[in-house]
Amino acid sequence: MNYVSTRNKSLKATAAEAIAKGISEEGGLFVPDTFVYLTKADFERISKLDYVGRAKEILKLFLNDFTDEEIDYCAKGAYTGSFDEERPAPLVALNDKVNILELWHGPTCAFKDLALQLLPYLLTTSAKKVADGKKTVILVATSGDTGKAALEGFKDVEGTEILVFYPSDGVSPMQKLQMDSQKGKNVNVFAIKGNFDDAQTGVKKIFTDADMKSLLLENNMQFYSANSINWGRLAPQIIYYVSAYCDLLKTNPEIDNTGFNVVVPTGNFGNILAAYYAKKMGVPIRKLICASNANNVLTDFINTGKYDRNREFFTTISPSMDILISSNLERMLFELSGNDDKMVAVLQKSLSDNGTFEVNDEIKLKLSDLFYGGCCDDAETLATIKETFDKYGYLCDTHTAVAVNVYNGYVEKTGDNTPTVIASTASPYKFAKSVLSALSDNIENDEFSIVRALSEFTNTSVPSPIAALENATVRFGTVCDKTEMPDVIKAALKI
């Protein structure tokens with residue numbers, strides 16, 4: 001297996017090179033040039049393993065230049081001792097048809113932990129192979145969860161610096177506190193005036209800026225990405241969809257015949273793309289249900305084939321989905337076009353220049369066959385939190401509730417009662433004020449009073465990483481304009 005760029009497939013890279021570079025020289029994203037198809041016997045064998053064992057089985061398919069010892073080191077390091085009860089991605093039955101895939105039992109209480117506990121191991125191992133001893137500089141744009149998970153994953157990792165940019169008014173108070181209080185001597189956190197798309201666009205420009213790259217080289221440094229544009233972020237996400245299927249096989253052997261749908265609350269498209277890749281590898285996923293909030297650019301694209309970011313941007317109660325430029329969609333376009341890198345390059349240039357593109361009828365047909373797109377606003381999200389808790393005793397966060405709402409709409413519209421897995425991407429306690437407001441009119445002003453009130457009202461436990469924040473010391477508070485990002489980076493790195 002080699003890796004190729006979505007915009008120039010003549011460029012080939014090993015796994016270590018793809019992970020170390022993060023993004024191709026011309027701005028494209030790395031994708032495998034082939035996928036291994038797993039048989040029913042393979043899945044039955046993998047299902048007998050614990051999560052670490054399952055991770056190793058999937059990783060060895062993608063990490064073509066890693067030794068078995070390196071893969072063992074990475075998987076054990078990431079998934080041992082960091083997750084509740086050593087179960088990184090448990091399934092919880094909502095009813096006899098629907099299971100919730102809880103992806104928030106790690107150190108930052110968000111699904112990004114599943115990838116970002118592993119990425120430091122993948123990246124440092126890759127860097128030793130390709131980076132010639134240069135200092136690793138991790139550059140991250142975040143809509144809330146990636147930033148904290150990356151900070152936690154890379155804190156005090158030898159030979160690294162990590163710089164995180166988040167929108168100053170686009171994250172929850174808990175997400176902001178998690179980042180601004182981050183411990184570690186090699187971490188740097190900045191808020192920017194603007195939204196996540198501004199932060200993401202700024203980071204992408206810096207990655208491809210020749211002058212900045214030269215300056216880093218002069219100082220024996222090199223940029224790396226921890227965003228989902230990095231293949232080292234996507235590969236770990238495939239693991240938990242394979243693991244979910246393995247768990248379903250144990251409780252429902254007929255799932256192999258019926259298949260199951262997957263619902264993902266989606267912003268940057270990476271999480272649902274990982275489910276597609278799992279499907280491509282043989283996991284019997286039928287429909288991929290893409291759930292959006294009021295920033296419904298992906299819903300419109302799936303339904304019309306036209307992607308248009310020229311629209312009003314909404315700051316919602318599900319901030320990790322407040323995105324209008326879904327970077328990982330580029331990888332899906334590469335798939336849908338039959339690996340037509342020239343078409344992808346044209347579409348991405350149109351998006352960059354005009355804020356829009358439209359795919360042809362053949363791709364529209366493939367898109368509608370694979371995906372269903374739906375969205376809901378904040379009021380519907382809150383109503384779904386209450387309805388789900390009242391009906392099932394299950395407490396959703398504001399992102400998972402979007403997925404549940406869109407799934408309910410899908411069933412009502414189509415009558416499709418196929419078994420379903422809904423990805424739950426964050427603990428409700430990361431968005432405690434919004435979640436409690438869906439259930440009660442009695443809302444405190446203090447964030448941790450709200451957390452305690454939510455726990456008492458719902459008889460659920462506060463995750464220990466959230467409880468520990470109450471007495472955390474705030475270390476960061478710099479707010480910069482998006483145009484100042486290069487200068488802020490230079491100052492932080494002292495170059």
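**Strands and helices in pairs**

Visitor: What makes β5 and strand β15 (residues 420-424) a pair, and in which sense do they run?

Guide: β5 and β15 share 5 bridges in the parallel sense, and pairing takes at least two DSSP bridges between two strands, so they qualify. Val98 stands opposite Thr420 in β15. The strand and helix names are DSSP runs numbered from the N terminus (strands E, at least two residues; helices H or I, at least four).

Visitor: What should I know about the model itself?

Guide: This is a predicted model, with pLDDT of at least 70 needed for local features and 80 or more for side-chain atom pairs, while totals for chains, interfaces and linings use all residues. Residues are numbered from 1 along each chain as its sequence is written, and side-chain values use heavy atoms, leaving out hydrogens and water.

Visitor: Which way does strand β4 pair with β5?

Guide: Strand β4 (residues 91-93) pairs with β5 in the antiparallel sense over 3 bridges. A hairpin through 4 residues joins the two strands.

Visitor: Why are helices α20 and α21 called oblique?

Guide: Helix α20 (residues 432-439) and helix α21 (residues 447-458) pack at about 40°, with axes 9 Å apart. The axes are lines fitted to C-alpha atoms over the stretch in contact, and angles run from 0 to 180 degrees between N-to-C directions. Roughly parallel is under 35 degrees, roughly perpendicular 65 to 115 and roughly antiparallel over 145, the rest being oblique, and α20 and α21 are therefore oblique to each other.

Visitor: Which residues of α20 and α21 make the contact?

Guide: With contact meaning heavy atoms within 4.5 Å, α20 brings Ala432, Lys433, Val435, Leu436 and Leu439. The α21 side includes Ile450, Leu454 and Phe457.

Visitor: What makes β9 and β16 the edge strands of their sheet?

Guide: The open sheet has 5 strands in the order β9-β6-β7-β8-β16, with parallel pairing. β9 (221-225) and β16 (479-481) each pair on one side only. The twist averages 30° from one strand to the next. Strand β8 (residues 187-193) pairs with β16 over 3 bridges, where Ala191 has Val479 as its bridge partner.
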